[in-house]
Amino acid sequence: MKLQKKYEIGQKIATREAYGDALAEFGADESIVVMDADLSKSTKTANFKKVYPERFINCGIAEGNMISVAAGLATTGKTVFASSFAMFAAGRAFEQVRNSVGYPHLNVKIGATHAGITVGEDGATHQCNEDISIMRTIPGMVVINPGDAVEARAAVYAAIHYDGPVYLRFGRLAVPVVNDEETFEFEIGKGMKLREGKDVTIVSTGICTAEAIKAAEELEKEGISAAIVNIHTIKPIDKEILAQAAKETGCIVTAEEYNVIGGLGSAVCEALAETCPVPVLRVGVNDCFGKSGKAAELIDEFGLSARFIVAKAKEAIALKK
Amino acid sequence: MENQKKVELQKIATKIRLGALEEIFSASSGHPGGSLSIADILSYLYFDKMNIDPQDPKNADRDRLVLSKGHTAPALYATLAHRGFFSTELLKTFRHKDSILQGHPDMKHIPGVDMSSGSLGQGISAACGIALSGKLDKKSYRVYTILGDGELEEGQVWEAAMFAAHYKLNNLCAFIDFNGLQIDGDITKVMNPTPIDEKFKAFGWNVTVIDGHDLDAIEKAVAESEKSDKPFAVICKCIKGKGVSFMENDAGWHGNAPNAEQYETAKSELEAYLASLN
């Protein structure tokens, strides 16, 4: 799937902004309904509301009800986007997502913003590092973690045209566009090789892809050839591209703005254990809560920046037999 | 209501009770108390009121019912079977492996089930979503939902109640099975949700309180709901276990299946009542 060019490489824009813009851009179909729980200015669903106010439903601060209402709407043929912060959309409303949406496999897209530690100043209560794990354990749930505006826009378009539940994870922080829309193609469940390499593959998702690119450049200076595979769809994960990467480079480093438990790192370990077991080292939040601070400071504080990926890449290479 | 129609609906309600007990006995598991209490409501809705077609169960313009108290699926399944959505022969497969009749309503596999339910509090929200869709698309279908009184202890019910009033979902009618008992006993002792009528009023609903086994009263309440400018709550004073003497008003029958002897006794009581209606 390919869209007309909108974003420039290097342009800084939050994935939540691209989400709201994409809802407005692709939301013309009368069957699309967008819901929010009093955070529309933050989740950017307000961008949709501005164009289609009659199909925007504010549910107030009641996320559980919002998800079940979304399910009811979907039983009548609506394509529903329900948005809140990841902490509440996936966290508080987990059981509604599981039973009202997941079990009947209804056409509800959960647009969860403010995921991860880059929420920044709000601190640990709002920095959700659990959503990917719990969402991907729901049978039939697709989990997409876009890393830039290009991926976010394409993910929204793909979700609209996919029949079934999708969890979409967006960030608060303005991040650089890394994908070139001239050549970018998006398919749910397909990873993307961003860079060839022979010593190690960095498998990254979300905003850590930008860090992975920096890390690979750093490694190159030291004579280490690092490949990069960008994974936007954490479920279903692209087992083929992972197995291929494991065969070609013999070791893997995963990089994500997420807990090392349950997210991309876990999904990659699960996949490779069954197809091509090689050393896998995980860069991510080390099973701890976040804290207040500026997003950029926190990325380094929690060990997610390029220098940590570089260090793990060297460790992974040393583990190769 | 004309007497002939009333007797007919009473007979159907009795068959729903018999069917529910057959299911629960066959499964050696299930929830008889709350299934027996809502049989009259289901009889009226599915056999007189609702615009539904067993030959076209997914029709976009049909009336809908969400069984928010999904554990009383045996009553809903017996209703749907007698209404022709599937064979009454299936009832004895309830809760069996490979049966479509899952322990709680499953919209993906059971014809006539409008929404999967079972986790308390979620059904009324889903009913709100269906009602909202009707408003958005200017459709004239109506949406019914049935909740337990214990279910009102779930906070989500009140989120949904607020939502329904806010979006003026006057195409939504909620029945509350006010039988006064939940698994752990008397609702006022476990966690008192009363006064139920005043709570719904305060949340912006129109409310009526009726005898949930009186078909005239059920008909009148539904007629009132159709003229309401707000979502409408029918607080139904019901008897948990209604129709089976030893199950009535006993919380012990909330989620326990009868043994063979108890089942025979229950069946003969209901069959005798059915014969008396002829």
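In this predicted model, the contact between the two chains draws on 21 residues from chain A and 19 residues from chain B. On the side of chain A that touches chain B, the helices α4 (63–75) and α6 (94–102) of chain A each contribute at least two residues, and α4(A) gives the most, with 9 residues. Sorted by class, this side of chain A comprises 9 nonpolar, 10 polar and 2 charged residues.

Chain A itself is divided into two domains, domain 1 covering residues 12–176 and domain 2 covering residues 192–314. The C-alpha centres of these two domains of chain A lie 25 Å apart, and the contact between them takes 26 residues from domain 1 and 27 residues from domain 2. On the side of domain 1 of chain A that touches domain 2 of chain A, at least two residues are supplied by each of α7 (131–136), β6 (142–144), α8 (149–160) and β8 (174–176) of chain A. The class composition of that side of domain 1 is 12 nonpolar, 10 polar and 4 charged residues.

Turning to chain B, the secondary structure amounts to 10 helices and 7 strands. The C-alpha trace of chain B spans about 50 × 45 × 40 Å along its principal axes, and its radius of gyration of 17 Å agrees with the value near 19 Å that a compact globule of 278 residues would have. Of the 278 residues in chain B, 54% are buried. Among contacts in chain B between residues at least 6 apart in sequence, 76% join residues that are at least 24 apart.

Within chain B, 5 strands form an open sheet in the order β1-β2-β3-β7-β6, with parallel pairing. Because β1 (64–67) and β6 (206–211) of chain B stand at the edges and each has a single partner strand, one side of each is left without a neighbour in the sheet. From one strand to the next, the twist of this sheet averages 20°.

Notes:
Residues are numbered from 1 along each chain as its sequence is written. Chains are lettered from A and ligands numbered from 1 in the order in which they are written. This is a predicted model: local features need pLDDT of at least 70, side-chain atom pairs count only at pLDDT 80 or more; totals for chains, interfaces and linings use all residues. Two residues are in contact if their C-beta atoms, placed from the backbone, lie within 7 Å. Helices (H or I, at least four residues) and strands (E, at least two) are DSSP runs, numbered from the N terminus. Ala, Val, Leu, Ile, Met, Phe, Trp, Tyr, Cys and Pro count as nonpolar, Asp, Glu, Lys and Arg as charged, and the others, Gly among them, as polar. Domain bounds come from an automatic or database domain assignment. The radius of gyration is taken over C-alpha atoms; the globule rule is 2.2 Å times the number of residues to the power 0.38. A residue is buried if 20 or more other C-beta atoms lie within 10 Å of its own, exposed if 12 or fewer, and partly exposed in between; C-beta atoms are placed from the backbone. Two strands pair if DSSP finds at least two bridges between them. Axes are lines fitted to C-alpha atoms, for helices over the stretch in contact, and angles run from 0 to 180 degrees between N-to-C directions.
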